[in-house]
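I open the notebook on a new structure today.

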Amino acid sequence: MNKRSFGVLAPVVLWLSFFMVIPMLAVIFVSFMQRDNLGNIVWTFSLDNYARFFEPLYLGIYWDTIWLSVLTTVFCLLLSYPLAYYMTTLGPKAQKFWLIGITVPFWINFLIRTYAWIILLRTQGVVNSLLMDIGLISEPLQMLYTQGAVLLGMVYTFIPYMVLPIYVSLEQMDKRLLEASSDLGASRWRSFWHITLPQTKSGMMTGSVLVFVTTTGMFVVADILGGAKSQMISNIIQNQFLGARDWPFGSALSVIFVISSLVIIGLFNRALRSSYDSSKEAKA
Amino acid sequence: MTLSTDNGKGLMLMIRLENVEKHFAGQPVVHPLSLTIDEGEFLTLLGPSGCGKTTILRMIAGFEQPTTGIIRLDGEDVTQLPPNKRNLNLVFQHYALFPHMTVEQNIQFGLKMKKVPAKEQRERIDEAIRLTQLTALAKRYPHQLSGGQQQRVAIARAIANKPKVLLLDEPLGALDLQLRKNLQAELKQLQRSLGITFVYVTHDQEEAMMMSDRIVIMNTGKVEQIGSPRDVYERPETLFAATFIGENNIFHEERLFTVRPEKVRVTPELADTRKTGIIQDIVYLGNVHKLVIHLENEPTSVTSVLDFTDQRDWSIGQKVGVHWNLQDEVTVGR
Ligand SMILES: Nc1ncnc2c1ncn2[C@@H]1O[C@H](COP(=O)(O)OP(=O)(O)OP(=O)(O)O)[C@@H](O)[C@H]1O
Ligand SMILES: [Mg+2]
């Protein structure tokens, strides 16, 4: 690195050190400490916090979190692809309209949007009254405070993160490839399957990583829509720091969590690079 | 008009365009065009940029619908058929290779789509790879290939399907001169050995001359002339054809006629010649040299090409006589 580029990078490096590296190091350090009955940190080395993670309670929540995140990612993918694809078939004006429509929710406070789901889903809520009115059900359904409600809230929250990268990759795709495949005898469906899907894999991957990682870290949705029953690992972590005042254990959970996120991102990247690096490099 | 595919010369008709016309947004891009192409023929569409060559090719391939007119392929009316139902292949100007597939997989794609049995797929891939000399590159991805190699893959991918017709849209346009020359010869060779009908698009007149059986000279969506390279060179029918192919001297007298520079003789003697003039420029081109002569009492210059047998000394400003034979005058329309 020469002097000049260091000068440009220095603020970034400082920023990252202050807000990422130093806190992370602090968390790692604290995760190997203990605490006394009052919640104060006791400065003696121990691996107890990591051992505690393997108790069935926490392992269970950990796997639930992973599973919920996988489901959220899959549902987002299944809903976003057709939507993004539909958008690319529209005229420039309609496309702009949809793009704005998809980003509008970002302008409204996230908590307000999530609370709005309560109004829809609760026992006397809009959805239940509607279903009872048309006579599909006689008793209100318990929708709020279920895993399903959490999943719904998650998918709703993160769908833009999936639509946008897929849309971009569809837009960037060389449309002449579809003419070539049609020329070689492929029907529209087979062109889609053999050309469009692989060519937009990087968009799907980017979206999936974004959605997966942010879902695992998102405890508010589970809090509001899932109630006490559906806890995510981030709820536990938050609770260790704010409620239970067990900073060392909270730190240990955080470390495990960050590591598993990194591993998953690494796996995604690897899958992306091994099978489709060629399509990416050819564009560059 | 019969639907017979025999053109009367014993050759089979492969493509027939009947009054094919194309408008974009109400603007005519291809004026009504009728054209027949024989089986195994190498036909070239030649014309300046924007004259509608690609549009014609895309109509034959099925990517554009003619505004009016009928396209027949091997006797069958294919005007309404989508590209994937037509038994021909297009080699795109920019190759359009699939970036996520290896050379081999690119070539295999069309065979897979047509559900060719696996064993035959293998044979056809190998043959296409051999013919295009891609053996060493079969496992590479397109971005790992040079422009010329990519161009070969595009051709291999097309010929593996054994199409009745191969359409090529300026396939050599992006390549440098040397490579172009090599590939021109290779392509011509390939076409002869496969016996496939080639419809070739270029705006390079030299390329058209050396490769084609017949040339269609186009200008702003209209056909100017159709003929063998010799025909269009020696007997141009229009002013555009006369000047687009090779160099030409144009004379507006009581009629419009042209004389090729190599038919123009220059003599130091001034008596008994058609015209006299003053040498304006001398250009040495190695095997030939060229004199540009400004005619006396006329606002035109005449170019004369002299070959190596001409050992006389010419100098700029020299007054010379200019002469040609009557049979070398070619009357052209406007
Ligand atoms: N999809 C389209 N919409 C409107 N106009 C078009 C379209 N495609 C082509 N044109 C017009 O039709 C004319 C002929 O285009 P075409 O691509 O056939 O030319 P070309 O002879 O292949 O030229 P080049 O040698 O530059 O490739 C051009 O004036 C072009 O602007
Ligand atoms: Mg063109």
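Which side chain meets that of A:Arg52 in a salt bridge? I looked it up: the partner is A:Asp246, at 2.9 Å, N to O. A:Arg52 sits in helix H2 (residues 48-53) of chain A, and A:Asp246 in the loop between helix H12 (233-242) and H13 of chain A, so the pair ties together parts that are 194 residues apart in sequence. I noted the rule for a salt bridge: a side-chain nitrogen of Lys or Arg within 4 Å of a carboxyl oxygen of Asp or Glu. Over all chains, that rule gives 29 salt bridges. I also noted that side chains of opposite charge can pair when their charged atoms come close.

**How I read the model**

The model is predicted: local features need pLDDT of at least 70, side-chain atom pairs count only at pLDDT 80 or more, and totals for chains, interfaces and linings use all residues. Residues are numbered from 1 along each chain as its sequence is written, chains are lettered from A and ligands numbered from 1 in the order written, and side-chain values use heavy atoms, without hydrogens and water.

**Chain A against chain B**

I checked contacts (heavy atoms within 4.5 Å). On chain A, 21 residues touch 25 residues of chain B. The two chains bury about 2,100 Å² between them, 62% of it on carbon and sulfur atoms. Buried area is the accessible area (1.4 Å probe) that two parts lose on being put together, summed over both.

I then looked for a salt bridge across this interface, and the rule finds one. The side chains of A:Glu179 and B:Arg58 form it, at 2.7 Å, N to O. On chain A, helices H8 (176-183), H9 (188-199) and H13 (247-283) each supply at least two residues of the side that touches chain B. H8(A) gives the largest share, seven residues. Helices here are DSSP runs (H or I, at least four residues), numbered from the N terminus.

**Ligand 1**

Which residues surround ligand 1? I list some, among them B:Phe24, B:Val29, B:Glu170 and B:His203. A residue counts if one of its heavy atoms lies within 4 Å. Helix H1 (residues 53-61) of chain B supplies the largest share of this shell, three residues.

A polar backbone atom of B:Gly50 is 2.7 Å from an oxygen atom of ligand 1. For B:Thr54, a polar side-chain atom lies 2.6 Å from a ligand 1 oxygen atom.

Note on methods:
Polar contact = N/O pair within 3.5 Å; in protein donor to acceptor, adjacent residues only side chain to side chain.
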